[in-house]
Amino acid sequence: MNTSTTHRVLLTGGTGRLGTYLVRELRQRRLHSQIWSTGSPGFKDGIPVEHVDLLDVDHIAPAFQSFGPTLVIHAAAISTADACLANPVLAQRLNVDATKQLSDLCRLAGARLIYTSTDLVFDGRRGGYRECDPPSPVMVYGRSKAEAEPIVLQVAGNSVVRLSLLFGPKLGSRDSFFDLQWRAITMGDRRMKLFTDEWRTPIDYQTASRAVVEIALADTGGIWHVGGPERMSRWEMGERLARFLGQTPLMFEATNRDSIGGTEPRPEDVSLDSSRWRSQFAATDWPNYEEALRMIVSPLRS
Ligand SMILES: NC(=O)c1ccc[n+]([C@@H]2O[C@H](COP(=O)([O-])OP(=O)(O)OC[C@H]3O[C@@H](n4cnc5c(N)ncnc54)[C@H](OP(=O)(O)O)[C@@H]3O)[C@@H](O)[C@H]2O)c1
């Protein structure tokens, strides 16, 4: 196995909500890394950023060969259900076609590919999903992510990390759902409707990014479910956050999935069973919701 000091890690999506946490994790581990972004070249937390548009198919191979990664953490995506629904062709090109191109390049170079996927590859009829459960997506977003997974898994050693709903403050420029909730509570700038009937196993960005990097550095590939220890609705998340901050959750309105209408169904229970990850990485912290909030909130208050 390559030790972490000999790895050359290519990170796509390093400017995104998860990606900025991955960057911090890579920097803390002093891994020799490079970030790809459609933005300007430069440095992020001391790690070089190259301008590479994953839709520019002719540019990917030369950029890949010029860095020569041994590990690729692929977190670039059209990452929201709304954006994928609004532009399914773009979702296909980035979430599926670009992933295939990266997968082919990795295979030829003998590099391992770690693909960040989602709990929304499931239809939500059952919950408690394990890695052996077949994907059954009901949304354009989940379909595009599910289509890319077997492409990645064709090569032994590659990993698909299915993440549950992520929470925590943004480190970059894109607001997270947590940022909206935080402002609703601390600034009273809005009332938010939160689903009471959609179940996830939310996990904070820091713990999730640590899991992704540890899985990337390990020998074993395959599918990994990485969610938090509790099954919760967005309503419960908001309510518990408000109470954690000593407030009554009057800024949140309980609502259900049907109330928003829309053309896509929303899965009811896509909670993940993370026992494979937990059994192989038992030493990694796995904070419950309030423990994660304690970790998240104190820097925000200082
Ligand atoms: N957030 C969640 O709750 C959650 C839950 C489960 C799974 N995930 C998965 O985690 C991953 C990251 O999600 P996220 O929420 O962090 O996404 P995000 O904040 O929307 O960031 C998307 C990233 O993709 C990059 N990107 C977009 N178009 C690109 C292109 N044409 N070429 C190169 N890069 C491009 C963006 O970089 P530039 O704009 O700099 O180019 C950005 O860094 C995704 O695979 C997502 O499916 C997220």
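Colleague: How do I describe the way two helices pack, and at what angle do the axes of helix H4 and helix H5 cross?

Modeller: First, keep in mind that this is a predicted model. Two packed helices are described by the angle between their axes and the distance between those axes. Here, H4 (residues 88-109) and H5 (residues 140-153) have axes that cross at roughly 15° and come within 9 Å. Angles under 35 degrees count as roughly parallel, so H4 is roughly parallel to H5. Their crossing is right-handed.

Colleague: Which residues of H4 and H5 make the contact?

Modeller: On the H4 side, look for Pro 88, Ala 91, Gln 92, Asn 95, Val 96, Thr 99, Lys 100 and Ser 103. On the H5 side, they are Val 140, Tyr 141, Ser 144, Lys 145, Glu 147, Ala 148, Ile 151 and Val 152. Sorted by class, that contact has eight nonpolar, five polar and three charged residues.

Colleague: Let me try another pair. At what angle do H1 and helix H7 pack?

Modeller: The angle is about 60°, and the axes of H1 and H7 (residues 205-217) are 9 Å apart. That makes H1 oblique to H7. H1 passes H7 in a right-handed crossing. In this contact, Arg 17, Leu 18, Tyr 21, Leu 22, Glu 25 and Leu 26 of H1 meet residues of H7 including Tyr 205, Ala 208, Arg 210 and Val 213. The classes here are eight nonpolar, two polar and three charged.

Colleague: Now the sheet. In what order do the eight strands lie?

Modeller: Strands of a sheet pair through backbone hydrogen bonds, either parallel or antiparallel. In this model the order is E3-E4-E2-E1-E5-E6-E7-E12, the sheet is open, and the pairing is mixed. E3 (42-44) and E12 (222-226) stand at the edges with a single partner strand each, so one side of each has no neighbour in the sheet. On average, neighbouring strands are turned by 25° against each other, direction ignored.

Colleague: Can you show me one pair? How many bridges join E2 to strand E4?

Modeller: Three bridges join them, and E2 and E4 (residues 47-51) run parallel. For an example, find Trp 36: its bridge partner in E4 is Glu 50.

Colleague: And which strands does H1 touch as it packs on the sheet?

Modeller: H1 touches E1, E2, E3, E4, E5 and E6, and its direction makes about 165° with that of E1. H4 packs on the sheet too, touching E5 and E6, at about 155° to the direction of E6.

Colleague: Last one: how many residues surround the ligand, and which are the closest?

Modeller: There are 26 residues around the ligand, and the closest are Gly 16, Leu 18, Ser 37, Thr 38 and Ser 79. H1 gives the largest share of this shell, three residues. By class, the shell has 11 nonpolar, 11 polar and four charged residues.

Methods:
Residues are numbered from 1 along each chain as its sequence is written. This is a predicted model: local features need pLDDT of at least 70, side-chain atom pairs count only at pLDDT 80 or more; totals for chains, interfaces and linings use all residues. Axes are lines fitted to C-alpha atoms, for helices over the stretch in contact, and angles run from 0 to 180 degrees between N-to-C directions. Helices (H or I, at least four residues) and strands (E, at least two) are DSSP runs, numbered from the N terminus. Angles under 35 degrees count as roughly parallel, over 145 as roughly antiparallel, 65 to 115 as roughly perpendicular and the rest as oblique. A crossing is left-handed if the near helix is turned anticlockwise from the far one by less than a right angle, and right-handed if clockwise. Two residues are in contact if their C-beta atoms, placed from the backbone, lie within 7 Å. Ala, Val, Leu, Ile, Met, Phe, Trp, Tyr, Cys and Pro count as nonpolar, Asp, Glu, Lys and Arg as charged, and the others, Gly among them, as polar. A residue is near a molecule or strand if its C-beta atom, placed from the backbone, lies within 6 Å of it. Two strands pair if DSSP finds at least two bridges between them.
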